[in-house]
Amino acid sequence: MIVNKKIRGFICTTAHPLGCADNVSKQIEYVKSRGDVKGAKRVLVIGASTGYGLASRIVQAFGAKASTIGVFFEKPAVKKRTGTAGWYNSIAFEKEAEKQGVYSKSFNGDAFSNEMKETIIETIKQDLGTVDMVVYSLASPRRQMPDSGEVKQSVLKPIGFTYNNKTMDFHTGVISDVSVDPASPEEVQATIDVMGGDDWCLWMKALKEANVLAEGVKTVAYSYIGPSVTHAVYREGTIGQAKAHLEASAGVITKELSDLSGEAYVSVNKALVTQSSSAIPVIPLYIAALYKVMKEKGLHENCVEQCYRLFNEFMFEKEVPVDDEGRIRVDDWEMKEDVQKEIVEVWKELSSDNIETLTDIKGYREEFYQLFGFDIDGIDYTQDVDVEVTHPNVLSVVNK
Ligand code: NAD
């Protein structure tokens, strides 16, 4: 089948298997070019198919030669519909792991479910005995509660007031005013239920009770803070409440792991183009402005570069460097005073007329399409490609 990109709003409804495989192999090449990374031996990555989770898995598997188990929620191809990018990324990851002789298994299904937790525990018992690191990198708009079956929906809204700011359509480069109504208390709670630390705690509790965590186990989940221009809709909005809950959960988990001398961390990462971040109002425009400033200063990093630095310079240090609130800060370069000062200046001037020159919207667009395997040099998009790719190590887990 010939696969072209089909854009609907902030998502692309098609994905190109060869382009996605190329994205994975470029990340692997980067890791190999850097040499061995500090890391674990047996790693579980929850949210392992795209963005930060995929990058974490690649750094650990190909930089630290760790055995990895990945969990994600993706779709394989059905008839004329292509699979999702995360599906193709995971197939490509499994093929590479097989080639390199690194243990790897992937599970496609709902990480919030009891079924997935049970399946992963059984797999760890059978194949690895224990894991010594768990990366929690889920980004989801909804969660089916494991016991009641109720579906909670997260929202990206301010709290207490209507938020007005600039936003962009990155396909057209048009900047417009956006107004986002405040969330109701129920919406705030639902967002915490979906994106807060509850499910991370449930995973760690289940793994510990099943005796599949190694002595000295480490776990990390990802958070974001960002600058004041995005605070109303991010850090002080519904998603920020969820992130605050996630951050507090690290303390709870560390206490629960004390008899194993285990440690839980939250790493605050840099804003990057991923499927999740492109759905947040205002953030894509901020990212386009940020990319220009960081690239000019030689400070720009992508997901795999961020994860490499996280594992090599923070997570496995004897004294893990953290901020006053106990968080790892690999957003340190994004939050540098000179970087943020320039963005504040640019932000005041931004309009549809100058967006191409004042921001890196071109880079944003390019990266967005590349997430789905498009616009990659060296790939002939006029050629037929097999979209129904599978791998025996990618297994599906269905909720009962
Ligand atoms: P992403 O959309 O690229 O990845 C999300 C992952 O979660 C995918 O592997 C997806 O399959 C998986 N997933 C979603 N729902 C699932 C479910 N029910 N069961 C199993 N898997 C499921 O997102 P990302 O941007 O890499 O975000 C990962 C984490 O990093 C999030 O916590 C996010 O807040 C954080 N973060 C992102 C940024 C950014 O700018 N992108 C910055 C800092 C922190």
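**Salt bridges and helix packing**

Arg327 is buried, its relative accessible area being 9%, whereas Glu325, at 60% relative accessibility, counts as exposed. In this predicted model, the side chains of these two residues, Glu325 and Arg327, meet in a salt bridge with an N to O distance of 3.8 Å.

Across the whole structure, a search finds 29 salt bridges. One of them pairs Lys65 with Asp36, the closest N and O atoms lying 3.5 Å apart, and links distant parts of the chain, with Lys65 in the loop between H2 and strand S4 (67–72) and Asp36 in the loop between H1 and strand S3 (42–46), 29 residues apart. Lys65 is exposed at 58% relative accessibility, and Asp36 is likewise exposed, with a relative accessible area of 61%. A further salt bridge is formed by the side chains of Glu94 and Arg57 (3.5 Å, N to O); because Glu94 lies in helix H3 (residues 85–100) and Arg57 in helix H2, this pair ties together parts that are 37 residues apart in sequence. Both Glu94 and Arg57 are buried.

Helix H2 (residues 51–63) also packs against helix H1 (residues 17–34), at an angle of about 50 degrees and with the axes 9 Å apart; the two helices are therefore oblique to each other, and their crossing is right-handed. In the contact, Val24, Gln27, Ile28, Val31 and Lys32 of H1 meet Leu54, Ala55, Ile58, Val59, Phe62 and Gly63 of H2, a set of residues comprising eight nonpolar, two polar and one charged.

Terms used. Residues are numbered from 1 along each chain as its sequence is written. This is a predicted model: local features need pLDDT of at least 70, side-chain atom pairs count only at pLDDT 80 or more; totals for chains, interfaces and linings use all residues. Side-chain values use heavy atoms; hydrogens and water are left out. Axes are lines fitted to C-alpha atoms, for helices over the stretch in contact, and angles run from 0 to 180 degrees between N-to-C directions. Helices (H or I, at least four residues) and strands (E, at least two) are DSSP runs, numbered from the N terminus. Angles under 35 degrees count as roughly parallel, over 145 as roughly antiparallel, 65 to 115 as roughly perpendicular and the rest as oblique. A crossing is left-handed if the near helix is turned anticlockwise from the far one by less than a right angle, and right-handed if clockwise. Contact means heavy atoms within 4.5 Å. Ala, Val, Leu, Ile, Met, Phe, Trp, Tyr, Cys and Pro count as nonpolar, Asp, Glu, Lys and Arg as charged, and the others, Gly among them, as polar. A salt bridge is a side-chain nitrogen of Lys or Arg within 4 Å of a carboxyl oxygen of Asp or Glu. Buried means under 20% relative accessible area, exposed over 50%, partly exposed in between (1.4 Å probe, protein chains only).
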